[in-house]
Each structure stands twice: as C-alpha cells, then as structure tokens.
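User: I have a two-chain model open on my screen and would like to understand the labels attached to it. Could you take me through them?

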Amino acid sequence: MPAKPNALDESFLINGIKSQNKIVFDFIFHYYYSGLCAFSEKITGNEEAAEDIVQDLFVTLWTKNEQFIISSSLKNYLFTSVKNRSLDFIKREKTKAKKINVLANSTDLAENLSTYWFAESELTRVIEDCLQKLPPRCREIFVLSRFEGLKNQEIADKLEISKRTVELQISNALKSLRCKLKPFLPIFLIYFLLK
Amino acid sequence: MNKSEIEEILPLYFDGNLSEKDKLKVEVWKESSDKNQKIFKESEKAWQGITLLQTMKKYDSEKALQQVNAKIERQNKNILTIIQKIAAILILPLIISTLYFALKKQDISAVKDDRLFTVTSPAGMRSEYILPDGTKVYLNSKTSLSFPATFSGNLRNVTLHGEAYFEVAENKKKPFIVNTGKINIEVTGTQFKASNYSNENLTEIVLVSGSINLFSGKYGKSKENIIRLKPGEKANYIVSQDRISIENVDVDKYISWKDGILMFRNDPMPQVVKRLNHWFNVDIKLTGNDLTDYVYTGTFEDESLNQILDLLKISAPIEYKIIKRHKKNDQTFSKMEIEIIQK
C-alpha cells in the first residue's frame, strides 16, 4: 500500500492551524483543496458552490482556530465538514432532494474516509506514474481524451487517425491503468459511495 | 463477444456513449463470470479515478488561496471595526463628559454644594481670592465676601461687606450678582470695584471695563433696574437718602489699592483721612474746618503711616500728633489715634 496521508504528522498540522501558522495552513490548503472541491461538487453538483464551501471552511478554520477540535484525523475532519456544509447547501437550494436521501443513508462515509486518499497530489502521482508506462501514442490520445476534454472524433481529426483507432487506444490505456492501479483502487471507492 | 472486444468498448460504456445493444452486451458479459465482474469493477474504478483527477484539476488552489486570504483579511477587518465601534461607544461618554468639564472648566456646578463660605480681610490688610467660577476678587481692609461652595443654579450670588475689586469670569448664561445691600450689581464678565463699608453710609461702585447693571431688590421678579454703568463711571449711593449719583472718575485712584498702591488725586483732606484710616486701620481726626478745603495728590506704595503724614505736612499747613493709646475695658488697646491740626 502507498503511504497514507496520516504519514503526515497530524498533530503538527493541527497545532499549526491552532497557532495560526500560515505555512502549515497554506500547505494543508494546497494539499486538500481540489480534493475537497471535487468531493463537494459531487454532492452539490455545483462547481462554484463547491469552491465557496471549501473556501469558507478554511476561513473558519483560520479565524476560529482556537475552537477547532479534531476528534479523528484532520482529513476526516475536513471531508466531514465539507460533506455537512454541502448537504446544508443543497437543503437550502432544495433542488436535489433525491440526492439528500441517498447521502443520508451513507452514514459510513466519515469512517471510510480515513482509509482513502483524497489528495490531488497523491492521485496525480499514482495516475501519472501509470500513464508514463503507456506507449507514447496511447498516452497522448488518453491525455487528450481525459484531461484535455476532447471528444473521440476531435482527437481523430486532430491526429488524422480514425475514430475507431482512438477508441481502441483509450480502451488499451484503461486496460493498462486498471492493472497498474489495482493496488491503489480502494482509494477511489469513495467516489462510488457518492455515485 | 470475447473479452478484448468488450474491453475495447468499456470506456464508451462508462461515458454512456454506447448503444442500448452494446450496453446490454457489456452487462451480459459482466454477469457471465466472477472474473469478468472483477475486471469490470477494476476498470470502472480506474476510469472513475481518472475522472476524479480530471475534476480535481479544474480547481486552482493557488488562486483559491488568494481568495481565502482576502476573505480572512476582510473578516479580521470586520472584527476590528466591531471592536472599534464598541470602543467608540464605550469611550463616547468619557469624551462628552471630558468636553463638558473642559468647556465649563470654571463651572463645577455639576456638584451642587450650597454651603456658604466667607472670606475676610482683616483691618489694615488686603487679600485676594479666586472664587469657584474663576472670578478673581481683591478684598480691601476690613472686608468680607460670602459665596457658595459651588455656583449651582442660574446665578452666581455673592454678598459684600467692605470694599472689593472684582475680575469676573465671563459667563453670559450665569450672571454674577454682587449684593451690597440696597443696591445690587449684575455682571456677566467685567472688572469693577465696589465698596459699602457699613460705617460710611455710602456705596461706591466704580466700573473699569465691561458693563454692569445696578438694581435694587432681588434679582429676578422684584428686580428694579436703576442704571447701567459705563467704564470709567462711578456710582455713589447715599444709603440714608436713598439717592444715587453718577460721575466720571479716574478709575486708577479707586482700584490701585488692590496692587498695594495708595493713590490720591485732588482728593479733599477728609477723603484722604478716610482712606488712610482704612489703609492703616487707624483713627485720624481732623481738627479745624479750613482743612476740608485742602486737596491732595500723591501716590504711596511702601511708605509707612508716619512717612505719609510727614509728606502731608510738607504740602499742607498741618501738624499731627499721635495720641497715646489707652487700655479699654476689655483689656485690649484702642486703635492708634492721630490728630491732624491746622497750623
């Protein structure tokens, strides 16, 4: 298993926030920001709201630093807070009532969190390691598809190949990634809890 | 359909881009064996992992941190303004009261204290006092002045017996009233002298600067205005005749005593004698009617009574003799008695 984030000295980070250490604060922010936003976006379905929720959480974390109590891990605290704030958001919006029900049932969310990664840096590292091992053409097509957001037909036009070849290369990449990511796969389980 | 064919279309399946027919194919394949199920699950997780990373990459934590820093700063500012507001509210009464007392520094009327104080200047002595409102008073020989501990209410009332020079602290809202008996003086801020020695049957008021109203009765309803004095004017009120006369005078002569200077300006001898009596607390008697016609001019500062009498002798045909003091019934000695005789 890869190094878990609790390899980070939790008490150091928590004390850093309590004593308003800006370096620690910035580190935690960069480390978890995109993960927390992706998480909130998954609940709220709203990119802007997700950013607001996460940013407000960090503002509170800084300004109410003394009242900050962490019972489990810092990551657990952050994700649980974002979950609650995101649920509050949709309650206020009253648009996604169905989703609330689904989420209300996933009570084991917080418990599960501690065993999964949710930091962009770590996920990036794992996935990019895997991508590096793909054949160059295959990797290029995969990146265009997944990270540049191009449609298969667009990639085919751009690279002057058939759409069929694009689809094939993407499936090859997935196949390769599946095998290489196997040891890390529990990481992404959280994603399905929310799906 | 074999395994590799299915795997080829899995990405399209996960993206929801498959036809119903192909979708069904994938699902059939998935359910056909545990192994296929496992491959499907792993593929799905890998695919979602990629999607998750893609979602994360949308967020720019650098930019977001700047926004968070700005929000924190704004909040700190808000907290600061709240603190400032609270501080301002708390400090306001202090500022108001400070201003109030600073602007009315001589008027400590907030504390009401009606106790009457009397200051006196013994015979032959002169003294000066500052009243609670800042008014400066010089008391001549054998003079007493009564005033309250604080000038509460709308008036500053003082009562005079004897002779005093006033430098009244200006306060138009609170007239300064000098009660001299029948004639009273209303002042807002000015310099004047007043005398009403009880043994003299005369009340003198000399105005140096500003203006004063003379009135009789009590200030208020029963007030009867008599006259308004102008600077340089002197009011003489003869008590027994209830008669008042006004004349223009050389004011210095009447107020120089406050600076310890005894000044005569064409004063007839009885007047000179009277002043000397007050000044030195002696009893000078004039013998010979003709002496009343002599007028005298002179200024004395540190001279003794004897020196002054000697100087008088030079300018007028007089002789003086000091009568020996005698013991009175109560075992005290009588005042020094001097007789001035026409030569």
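User: Which residues is Leu207(B) in contact with, leaving aside its neighbours within four places in sequence?

Analyst: They are Thr190(B), Phe192(B), Ile212(B), Leu229(B), Lys230(B), Pro231(B) and Glu233(B). Glu233(B) is 26 residues from Leu207(B) in sequence, while their C-alpha atoms are 5.8 Å apart in space.

User: What makes chain B as a whole, in helices, strands and buried residues?

Analyst: Chain B has seven helices and 19 strands. Of its 343 residues, 26% are buried. Among contacts in chain B between residues at least 6 apart in sequence, 44% join residues at least 24 apart.

User: What is the order of the open sheet of three strands in chain B, and which strands stand at the edges?

Analyst: The order is β16-β19-β18, with mixed pairing. At the edges stand β16 (283–287) and β18 (318–323) of chain B; each has a single partner strand, so one side of each is left without a neighbour in the sheet. On average, neighbouring strands here are turned by 20° against each other, direction ignored.

User: How do you know that β16(B) and β19(B) pair?

Analyst: Pairing asks for at least two bridges, and five bridges join β16(B) to strand β19 (residues 337–342) of chain B, so the two count as paired. These strands run parallel. Thr287(B), for example, stands opposite Ile341(B) in β19(B).

User: Why is Asn281(B) called partly exposed?

Analyst: Asn281(B) has 16 other C-beta atoms within 10 Å. Buried needs 20 or more and exposed needs 12 or fewer, so with 16 Asn281(B) is partly exposed. Asn281(B) sits in the loop between α6 (269–280) and β16 of chain B. Its phi is positive, about 55°, although Asn281(B) is not a glycine.

User: And what makes Glu160(A) buried or exposed?

Analyst: Glu160(A) has 6 C-beta neighbours inside 10 Å. Exposed means 12 or fewer, so Glu160(A) counts as exposed. Its place is the loop between α9 (152–159) and α10 of chain A. Glu160(A) has a positive phi of about 55° too, and is not a glycine.

User: Where in chain A is the pLDDT below 50?

Analyst: One such stretch is residues 104–116 of chain A, which has 20 contacts in the model beyond near neighbours in sequence. Another is residues 188–195 of chain A, where pLDDT stays under 50 and the model has 16 contacts beyond four places in sequence. For chain A overall, the mean pLDDT is 77, and 75% of its residues reach 70 or more.

User: Why should I be careful where pLDDT is low?

Analyst: Where pLDDT is low, the predicted coordinates should not be read in detail.

Technical notes. Residues are numbered from 1 along each chain as its sequence is written. Chains are lettered from A and ligands numbered from 1 in the order in which they are written. This is a predicted model: local features need pLDDT of at least 70, side-chain atom pairs count only at pLDDT 80 or more; totals for chains, interfaces and linings use all residues. Two residues are in contact if their C-beta atoms, placed from the backbone, lie within 7 Å. Helices (H or I, at least four residues) and strands (E, at least two) are DSSP runs, numbered from the N terminus. Axes are lines fitted to C-alpha atoms, for helices over the stretch in contact, and angles run from 0 to 180 degrees between N-to-C directions. pLDDT is the predictor's confidence in each residue, from 0 to 100.
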